[in-house]
Amino acid sequence: MSETILYDEIVDALAPWIHKVKAGQRLRIIDLEGNQAVDFLIYSALDDAERYSAQDTIAAQGNLFLREGALLLSNEGNPMMRIIATSVAYHDTIGGACSCESNTLRYGHHTKSQHSCVDNFLTVNATAGRGKRDMVSNINFFMNVPVEADGTLGIVDGISAAGLTVDLEALMDVDVVVSNCPQINNPCNGFNPTPIRMVITQNV
């Protein structure tokens, strides 16, 4: 059995991305320069009222972090995608997407106009007819958000490096929506957002 590349694109630093991935196809996300967070949402291509659910995914696996083999479940409890391989130990489910509001609260009013992952999600979702009500908690691939002993969350240097990857298999037809995180106020991107590469393949 051989693997055919169906799609291969570089996503610029700060940019959004959207693409359909059909059941059985595989998506590889490549951190080209290292230490780049990739905010990630999934919607059913058949009915986008069904979408990724952090709550169902966390509850089903009994763990906050996503590792190889993790099933990404929908709000209807259905498997949408599976992490079939990852070059890093785990990925974040709880850090959320940066926004002008969270930037202002955390880093000061001068950051309000800075581009954010919420901006990216809203912009690219609008091309598929989705709006603010369709925003849900996202996955942060390559992002390191440790939970401290007192229950607080930290945002620290990412755990990726140049060329590291995460591979997902679609278990239903899905729309994948990505924000190549533009955050420059915390170390999730090493204060320097960089491009990523998205590759979709299919075994033939």
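I began with helix H1 (residues 54–61), whose buried residues are Ala 54, Thr 57 and Ile 58. I then checked where these three lie around the axis: they cover an arc of only 95 degrees, which puts them on the same side of H1. The model I am reading is a predicted one.

I turned to the face of H1 directed away from the buried side and found the exposed residues Gln 55, Ala 59 and Ala 60 there. I looked up what covers the buried residues of H1, and strand S5 (71–73) is included in that cover. Just after H1, I noted a positive phi of about 65 degrees at Gly 62.

Next I examined the pairing of strand S3 (residues 26–31). I found S3 paired with strand S8 (residues 164–170) in the antiparallel sense, over six bridges. Within S8, Leu 164 stands opposite Asp 31. S3 is also joined by six bridges to strand S10 (residues 196–203), and these two run antiparallel. In S10, I located Val 199 opposite Arg 28.

I then looked up the largest nonpolar core, which has 33 residues. Ile 29, Phe 40, Met 81 and Phe 141 have the most contacts inside it. Apart from this core I recorded another, of six residues, among them Ala 37, Cys 98, Met 143 and Cys 181.

Finally I listed the contacts of Met 81, leaving out residues up to four places away in sequence. Its partners include Phe 40, Ile 42, Leu 71 and Leu 72, as well as Leu 168, Glu 169 and Ala 170.

Terms used:
Residues are numbered from 1 along each chain as its sequence is written. This is a predicted model: local features need pLDDT of at least 70, side-chain atom pairs count only at pLDDT 80 or more; totals for chains, interfaces and linings use all residues. Side-chain values use heavy atoms; hydrogens and water are left out. Buried means under 20% relative accessible area, exposed over 50%, partly exposed in between (1.4 Å probe, protein chains only). Helices (H or I, at least four residues) and strands (E, at least two) are DSSP runs, numbered from the N terminus. The arc is that of the directions from the helix axis to the C-beta atoms. Contact means heavy atoms within 4.5 Å. Two strands pair if DSSP finds at least two bridges between them. A nonpolar core is a set of buried Ala, Val, Leu, Ile, Met, Phe, Trp, Tyr and Cys residues joined through side-chain atoms within 4.5 Å.
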